Amino acid sequence: MSADIRTTLGLRPVINVSGTMTSLGASIVVPEAIAAMTAILPHFVEINALQRQASAVIARMTGGEAGFITASCSAGVSLAVAGTITGPDLLAIERLPETNTEKNEVLLQMGHVVSYGAPVDQAIRIAGGKVVMIGQATSTHRYHMENAITERTAAAVYVVSHHVVDYGLLNLKEFVEIAHARGVPVIVDAASEYDLKIFLAQGADIALYSGHKFLGGPTSGIVAGRKDLVRNAFLQNMGIGRGMKVGKESIYGAMAALEAWETRDHAGIRAREAGALALWKEALDGRPGVIALIEPDPTDNPLDRMRVIIDPQEAHITAWDLAAALRSGDQPIIVRDHEVEHRYFYLDPCNLHPGQEHIVATRLAEELDKARASNAMIATPIEDLSRHRFDGMLRWPD
Ligand SMILES: *Cc1c(COP(=O)(O)O)cnc(C)c1O
C-alpha cells in the first residue's frame with residue numbers, strides 16, 4: 001500500500017466512527033465513482049447533455065420523473081425552493097434572492113428546523129423563500145399546517161433526519177395530504193436516507209439526497225421528482241445555482257455511485273458492521289461504569305450503532321473527556337458525540353476501513369484502563385465544551 005496521503009499533507013490520520021460528516025470528508029468514495037471521475041476529467045462534454053443522462057439514472061433509481069446533480073443536498077433545498085418561487089421565469093431567476101411575487105412562503109415544521117452544519121432555514125432564505133414555521137418544537141397538528149397555507153405559499157419543506165424531533169409532528173403522508181389538498185408542492189430533504197424511493201412514493205414532489213453520504217459518491221446533491229419542478233430547480237443554474245455548480249466529474253461520479261448502490265453487497269456490509277459492533281461490545285462489557293448498547297438507526301436506515309454510556313463516578317472519566325482522549329491520539333478516533341451531555345456517545349461503524357475496528361477497540365480499552373487506574377476523576381466541566389466549541393474555527397487558518 002502506498003504511503004497515506006494525509007501524512008504527506010501533514011494531516012492527522014483520522015479514524016471515523018462518527019458517521020458521515022462533512023467536517024471529516026463525508027464518506028469513503030466507492031471505486032466505481034473514482035473510476036468514473038478519472039475517466040471523464042480530461043474530456044469536454046456538453047454539461048446539460050450529461051445532466052440529461054444523470055436525469056435518466058436518477059429517475060430509474062428513485063422512481064421520479066426526472067432529476068439532476070448539484071453541489072450538495074443543501075444546494076438542492078435552495079434550488080428546489082427557488083424553482084417553486086420563480087417557475088420557469090428567467091428574469092425572476094436572475095433576480096433571486098429578491099422576489100417580485102408574494103408567493104414565496106415556505107412552510108417548515110418547527111421541530112424540523114435543524115442545523116446540518118448550517119441552518120436548513122437559511123438554505124430556504126437564500127433562495128428568496130420566506131420561512132413560515134408551523135407548530136411548536138415538539139408538536140405540529142393538522143390545524144397548524146392547514147391554517148398556514150395561503151395564496152402566498154410556494155412550497156412546504158419536510159426534513160428527514162436523526163436531528164429532527166421524532167415525535168409529535170406531522171408524518172410525511174399527512175404533510176403531503178394537507179399540502180396537496182391546496183396545491184402546494186412538498187420538498188423532502190432526505191440527505192442521509194438510504195431509501196431512494198420511499199419519499200416520492202409517499203407523495204413528495206421532490207426528494208433530495210446527498211451524493212457523498214451513504215452513496216459514497218463525490219461531494220454532490222441529488223434532486224429527484226416531478227419533471228416540471230425538477231426543471232424549474234435546474235433552471236436556477238442560471239441564477240443562484242451558479243455558486244453551487246458541479247463539474248462533469250461530480251455529475252458522472254454521482255451517477256456511478258448511484259448505479260454502484262444497486263449492485264453493492266448490502267448484506268456483506270451489514271455483516272461487517274455487525275462484526276465491528278460485536279468486537280466493541282466485547283471490549284466494553286463488564287467494565288465498571290460503562291454500558292454498551294447496540295441500537296438501530298433512528299430514521300430506520302439499515303444500520304446499527306453502539307451507544308456507549310459512561311458513569312464518571314465508576315469509570316473515572318466523563319463521556320466527553322473519553323471522546324476527547326480518543327480524538328487526541330496519534331491515530332485520532334472521532335466518535336459521534338452530538339448528545340454527549342447525556343453521558344453517552346455513539347460509535348458508528350459505517351465508515352471504517354477493514355481492520356480499523358480493532359484499533360478502535362484497543363484505544364477504548366487503553367483509555368478506560370488508564371482512567372480507571374487513576375484515583376482522580378477526569379471531569380472537565382461540560383460548559384467548557386460549549387464555551388470553546390468555535391475557538392479553532394475562529395482562529396482559522398492559524
Ligand atoms: C447532511 C444533511 C444535509 C446536508 O447535506 P449536504 O449534501 O452535505 O449539503 C441536509 N439535510 C440533512 C437532513 C442532512 O443530514
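**β8, side by side.** I began with the directions of the β8 side chains. I noted β8 as mostly covered, with five of its five residues buried.

**Ground rules.** I am reading a predicted model, where local features need pLDDT of at least 70, side-chain atom pairs count only at pLDDT 80 or more, and totals for chains, interfaces and linings use all residues. Residues are numbered from 1 along each chain as its sequence is written, and side-chain values use heavy atoms, with hydrogens and water left out. Helices (H or I, at least four residues) and strands (E, at least two) are DSSP runs, numbered from the N terminus.

**Neighbours of β8.** I looked up both partners. β2 and β8 pair in the antiparallel sense over five bridges; strands pair if DSSP finds at least two bridges between them. Here F68 stands opposite V223. β7 is also antiparallel to β8, again joined by five bridges. In that pairing I206 stands opposite G225.

**The whole sheet.** I then traced the order: β2-β8-β7-β6-β5-β3-β4, seven strands in an open sheet with mixed pairing. The twist averages 25 degrees from one strand to the next. For a parallel pair I checked β6 (186-189) and β7 (206-210), joined by three bridges. D189 has L208 in β7 as its bridge partner.

**Helices on the sheet.** I followed α4 (73-86) across β2, β3 (105-109), β5 (153-159), β6, β7 and β8 (221-225). α4 runs at about 160 degrees to β7; axes are lines fitted to C-alpha atoms, for helices over the stretch in contact, and angles run from 0 to 180 degrees between N-to-C directions. Helix α10 (227-234) also packs on the sheet, touching β2, β7 and β8; contact means heavy atoms within 4.5 Å. The direction of α10 makes about 25 degrees with that of β2.

Last, I checked L9 in helix α1 (5-9). L9 counts as exposed because its relative accessibility is 58%.

Notes
Buried < 20%, exposed > 50% of the residue type's maximum accessible area, 1.4 Å probe, protein only.
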